[in-house]
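Please take a moment to look over the sequence and the 3D structure shown here. The paragraphs that follow lead through them step by step.

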Amino acid sequence: METLGFLMDGFGVALAPHNLMFALLGAFLGTLIGALPGLGPANGVAILIPLAFTLGLAPETAMIMLTSVYAGAMYGGRISSILLNIPGDEPAMMTCLDGYPMAQQGKASEALAISAVASFIGSLIATIGLILLAPLLADFALTFGPAEYFALFLLAFATLGGITGKNPMKTLVAAAIGLMIATVGIDNTGVQRYTFGVLELYEGVDFIIAIVGLFAISELLFFIEEKAGGGKEKMAVNKLTLKWKDIRNILPSSIRGGVLGFIAGVLPGAGASLGSFIGYTLEKKVIGKKGYFGQGDPRGVAGPEAGNNGASSGALVPMLTLGVPGSGTTAVLLALLISLNITPGPLMFTQNADIVWGVIAALLIGNFLLLILNIPLVGIFVKLLSVPPMYLLPVVTMIAFVGIYSISNTTFDLYFMVAFGVGGYVLRKLEIPLVPVILGLLLGPEMEKNLRHAMDIADGDWTILWDSGLAIGLWVFAGLGLILPYIVGPLLRRRMKVTTGTGGPEGD
């Protein structure tokens with residue numbers, strides 16, 4: 001009953017006219033961003049974070065808008081998958097397998113409608129799971145001491161690559177780079193570290209500058225290098241209609257995909273890509289020879305779409321309750337919370353209950369908004385695919401630069417942002433992922449603080465780090481997180497490759 005009361009308070013926050021307006025704006029912008037091949041939700045949220053600061057939004061309004069962008073981008077990723085056979089982001093890859101064949105058969109409208117409904121069902125299931133699970137996990141996390149939190153952060157880094165990651169070693173290198181950047185500034189004993197006499201570095205590296213540079217600016221550089229041409233040819237999309245018979249046909253697939261996706265989202269290092277994959281493979285096994293997967297089976301669209309949207313909401317559980325992001329996009333949202341002087345974790349449910357429950361209520365409302373947006377307005381989103389990047393680049397660049405300058409009103413931050421953008425571009429060229437860099441930068445200070453605190457309590461005795469059963473369990477899971485990608489990862493990626501086939505979608 002207590003949870004229901006908090007949720008009602010959250011609806012009071014989410015239904016405030018200005019919050020509802022920004023939720024709608026975020027859902028619309030997120031769907032547009034998701035429809036663009038290659039951008040994805042993490043880049044979309046990173047690009048729009050400066051907008052939240054430029055507009056001077058309150059913390060709850062900023063979080064509501066950007067979580068709506070996140071949800072919208074997960075919806076929008078299916079548009080280019082179905083129409084162009086190019087996934088908007090990696091989790092949308094599985095949607096290509098049956099969505100594109102449906103479009104080739106003249107059923108593009110039906111495929112888009114099915115994906116919208118399945119996304120809605122998957123997100124709704126996961127949001128309900130978030131409401132039920134998050135308070136329980138937050139209460140459990142209150143039993144953590146500094147040693148347990150240190151082990152938890154170690155677990156977060158150990159599982160960064162996930163079992164679908166391409167190169168676990170490069171993931172660890174990226175995390176190490178992030179931790180190194182996190183040491184810049186004055187530590188809690190008053191010692192300067194790597195400031196080189198630059199006054200602006202005394203307080204360390206600003207998360208938002210690093211994120212916008214690494215994600216948004218590096219993406220712009222990639223656009224300039226690879227995509228600065230005309231728009232894509234698109235298939236015709238007629239009026240979207242979906243009969244109750246069609247919904248009834250995909251309902252079991254959507255429910256199964258949503259549940260599996262939520263579980264994948266909650267698990268550290270798994271994420272939406274795994275949710276999408278297991279959503280698709282389960283449907284193939286359940287339906288068996290009665291289906292025609294790979295040839296335009298609607299259930300092959302519904303399963304992965306429910307899976308990846310369920311995982312996106314599930315990834316919010318560890319971020320809100322433990323302060324450990326469950327995906328790349330939630331790492332960006334975590335940075336926003338820290339920049340707003342809000343500490344994610346179990347205490348957030350008591351100290352900032354209005355923000356937590358406002359965001360959760362906004363997710364529920366946002367699911368309905370997205371369903372309403374994605375049925376009648378899909379033609380607008382489709383037309384965006386034909387807009388040349390040369391027209392989109394100046395807008396994105398303007399948002400990034402104006403937003404960053406509005407935070408501190410100093411040109412140093414602009415130069416710093418560009419430097420991070422160039423660094424992100426180089427890392428991506430070397431196929432070193434950017435999310436672990438951000439996570440190292442975000443969790444590094446807290447990890448160091450908890451390590452120092454544990455050492456102070458134990459008078460320098462290192463055994464305190466594995467002195468409790470909970471800490472030992474976290475260390476064991478961290479060890480498994482380091483080992484499993486080398487054992488299970490190649491097998492799973494081989495199966496994904498076989499499932500998608502050699503003629504699968506372009507891009508990641």
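A residue is called buried when its relative accessible area is under 20%, exposed when it is over 50%, and partly exposed in between (1.4 Å probe, protein chains only). This is a predicted model, in which local features need a pLDDT of at least 70 and side-chain atom pairs count only at pLDDT 80 or more, while totals for chains, interfaces and linings use all residues. Residues are numbered from 1 along each chain as its sequence is written, and side-chain values use heavy atoms, with hydrogens and water left out.

The protein has 508 residues, of which 57% are buried. Its secondary structure consists of 21 helices and two strands, where helices (H or I, at least four residues) and strands (E, at least two) are DSSP runs, numbered from the N terminus. With a contact defined as heavy atoms within 4.5 Å, 80% of the contacts between residues at least 6 apart in sequence join residues at least 24 apart.

Confidence is lowest in helix H17 (residues 378-384), with a mean of 68, and highest in helix H19 (residues 411-429), with a mean of 89. Over residues 228-232 the pLDDT stays under 50, and the model has 13 contacts for them beyond four places in sequence. The stretch 502-508 is also below 50 in pLDDT, with 12 contacts in the model beyond near neighbours in sequence. Where pLDDT is low, the predicted coordinates should not be read in detail.

Helix H19 can be followed from its start. There, a side-chain oxygen of threonine 410 reaches to within 3.2 Å of the backbone nitrogen of phenylalanine 412. The expected span of a helix is 1.5 Å times one less than its number of residues, so the 19 residues of H19 should span 27 Å, and this agrees with the 27 Å between its end C-alpha atoms. Its buried residues are Asp413, Leu414, Met417, Phe420, Gly421, Gly424, Tyr425 and Leu427. Because these residues cover an arc of only 165 degrees around the axis, they are on the same side of H19; the arc is that of the directions from the helix axis to the C-beta atoms. Glycine 423, also placed in H19, counts as partly exposed because its relative accessibility is 29%. The C-alpha atoms of glycine 423 and glycine 213 are separated by 8.5 Å, although the two are 210 residues apart along the chain. Just after H19, glutamate 431 takes a positive phi of about 60 degrees.

The interior can be described through nonpolar cores, each a set of buried Ala, Val, Leu, Ile, Met, Phe, Trp, Tyr and Cys residues joined through side-chain atoms within 4.5 Å. The largest has 110 residues, and those with the most contacts inside it are Val45, Leu66, Leu130, Leu152, Phe215, Met319 and Trp357. Helix H16 (residues 353-374) gives the largest share of this core, 12 residues. A second, separate core of 23 residues includes Ala71, Ile79, Ala103 and Ala111.

Serine 115, in helix H6 (residues 108-141), counts as buried because its relative accessibility is 0%. Beyond residues up to four places away in sequence, serine 115 touches Arg78, Ile82, Val301 and Glu305.

How values were computed:
pLDDT is the predictor's confidence in each residue, from 0 to 100. A polar contact is a pair of N or O atoms within 3.5 Å; within protein, one must be able to donate a hydrogen and the other to accept it, and residues adjacent in sequence count only if both atoms are side-chain atoms.
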